[in-house]
Amino acid sequence: MFFTWLGRILAFGLLLRGLLLAALGLYVAYNFVDQAAYEAASARYLGTKSSGQSIDQGLEYIGWGIVVGLLTTISGALAKKST
């Protein structure tokens, strides 16, 4: 039961990080129109060369968060079934 609880915390953290990365990537993409300002903002706020990379990373984190969340749901259901 401990690992199910730990997995749910991990899934929530992955989802939160993914949403934050994707939201920041979209913010930089839409608010910095000038190419020099866009590149500087991407490097400063996102740590990537472009906002698209940050959005892709965010979506990847969201996907992994969903996978871990589904696995912890299955784990919790199996633990309740066995007791």
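Keep in mind that the model is predicted. Helix 1 packs against both helix 2 and helix 3, and Ser42 of helix 2 gets a closer look at the end.

**The helices one by one**
- Helix 1 covers residues 2–31. With 30 residues, helix 1 runs 43 Å from its first C-alpha to its last, close to the 44 Å you'd expect at 1.5 Å a residue.
- Helix 2 takes in residues 35–46.
- Helix 3 spans residues 51–82, and its 32 residues should stretch 46 Å at 1.5 Å a residue.

**Helix 1 against helix 2**
- These two pack at an angle of about 160 degrees, and their axes are 10 Å apart. Because angles over 145 degrees count that way, helix 1 is roughly antiparallel to helix 2.
- The crossing of helix 1 past helix 2 is right-handed.
- On the helix 1 side, Leu24, Gly25, Val28 and Ala29 make the contact; helix 2 brings Tyr38, Ala41, Ser42 and Leu46.
- Sorted by class, that contact holds six nonpolar residues, two polar ones and no charged ones.

**Helix 1 against helix 3**
- Here the packing angle is again about 160 degrees, with the axes 7 Å apart. That makes helix 1 roughly antiparallel to helix 3 as well.
- Helix 1 passes helix 3 in a left-handed crossing.
- The residues in this contact split into 16 nonpolar, 14 polar and two charged.

**What's buried**
- Helix 1 buries Thr4, Gly7, Ala11, Leu14, Gly18, Leu21, Ala22, Gly25 and Val28. These buried residues pack against helix 2 and helix 3.
- Two of them, Gly25 and Val28, also turn up in the contact with helix 2.
- In helix 3, the buried set is Ser51, Ser54, Ile55, Gly58, Ile62, Gly65, Val68, Gly69, Thr72 and Gly76. That set packs against helix 1 and helix 2.

**A closer look at Ser42**
- Ser42 lies in helix 2 and is part of the contact with helix 1.
- Its relative accessibility is 0%, so Ser42 counts as buried.
- Setting aside neighbours within four places in sequence, Ser42 touches Val28, Gly47, Thr48, Lys49, Ser50 and Ser51.

Terms used:
Residues numbered from 1 in each chain as written. Predicted model: local features only at pLDDT ≥ 70, side-chain atom pairs only at ≥ 80, totals over all residues. Heavy atoms only, no water. Axes fitted to C-alpha atoms, helices over the stretch in contact; angles between N-to-C directions. Helix = DSSP H or I, 4+ residues; strand = E, 2+ residues; numbered from the N terminus. Parallel < 35°, antiparallel > 145°, perpendicular 65-115°, else oblique. Left-handed = near helix turned anticlockwise from the far one by under 90°. Contact = heavy atoms within 4.5 Å. Nonpolar A, V, L, I, M, F, W, Y, C, P; charged D, E, K, R; others polar. Expected span 1.5 Å × (residues − 1). Buried < 20%, exposed > 50% of the residue type's maximum accessible area, 1.4 Å probe, protein only.
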